[in-house]
Amino acid sequence: MSVSSHASSFAAPRTDAAGRVALIGLSLAEMQATFAAHSLPGFRAKQVWHWIYHRGARDFESMANLPKDMRALLTEKYSIERPSVVTEQKSSDGTIKWLLAMADGQQIEAVFIPEAERGTLCVSSQVGCTLTCKFCHTGTQPLVRNLGPHEILQQIMHARDMLGEWPKPGEKAVSGEGRDLTNIVMMGMGEPLYNYQNVAKDHALHLRRRAADC
Ligand code: SF4
């Protein structure tokens, strides 16, 4: 599974407490644009993209085909962030549930469900939810905010970290065969079709009322 380099991100570049720009969630074009500010040519962004999304690199020092001074620059200016794990629960059937904390401390769940023919990762799209489905614990929580594309990506990357599904040094990075994680469903916390930035309040209220009736 790789991330399309053509997908456009609608998240503005984000910085951490140290002022480093987070790369996850940027499109390739956005990564190239931010690198251009340091006079780095476009192919350097493609190399970093490959390391992040095809090889699972979590730091710039491991990007062996980049010049040493570029790795130092990237380490100073950029980050490849992952959510932090609050809890991990494993059941006897192999299901793993992670409670993950985002950069602002908000917590969401991601669940990996292994089956004979496939392995499914259930990712969250919102913190809380506007709907109130009666069978669902999240439905008792108010919507706090939408997750950004980077935070949805981070769930997938976290799962691949935990499942050991990035290619090892020297292995080819193209094949998806033999992986545990084969499917992704947007069935965690939140309603993905309502993950857009400006939900009109009266529309959200209408949804809440309608869901309360189901
Ligand atoms: S839409 Fe999903 S997350 Fe929201 S209350 Fe219903 S089942 Fe729960």
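**View 1. The shell around the ligand, sorted by class.** Around the ligand sit 5 nonpolar, 4 polar and 1 charged residues. Here Ala, Val, Leu, Ile, Met, Phe, Trp, Tyr, Cys and Pro count as nonpolar, Asp, Glu, Lys and Arg as charged, and the others, Gly among them, as polar. The residues surrounding the ligand include Cys-129, Cys-133, Cys-136, Met-189 and Glu-191; a residue is near a molecule if its C-beta atom, placed from the backbone, lies within 6 Å of it. Please keep in mind that this is a predicted model, where local features need pLDDT of at least 70, side-chain atom pairs count only at pLDDT 80 or more, and totals for chains, interfaces and linings use all residues. Residue numbers start from 1 along each chain as its sequence is written.

**View 2. The largest nonpolar core.** This core has 17 residues, and Leu-23, Met-31, Ala-45, Val-48 and Ile-52 touch the most other members. Such a core is a set of buried Ala, Val, Leu, Ile, Met, Phe, Trp, Tyr and Cys residues joined through C-beta atoms within 7 Å, where buried means 20 or more other C-beta atoms within 10 Å of a residue's own. H2 gives the largest share, 5 residues. Apart from this core lies another, of 16 residues, with Ile-108 and Cys-129 among them.

**View 3. Ser-39 in its loop.** Look between helix H1 (28-36) and helix H2 (42-53) to find Ser-39; helices are DSSP runs (H or I, at least four residues), numbered from the N terminus. Although Ser-39 is not a glycine, its phi is positive, about 60°. Ser-39 is exposed (12 or fewer other C-beta atoms within 10 Å), with 7 of them in that range.

How values were computed: Helices (H or I, at least four residues) and strands (E, at least two) are DSSP runs, numbered from the N terminus.
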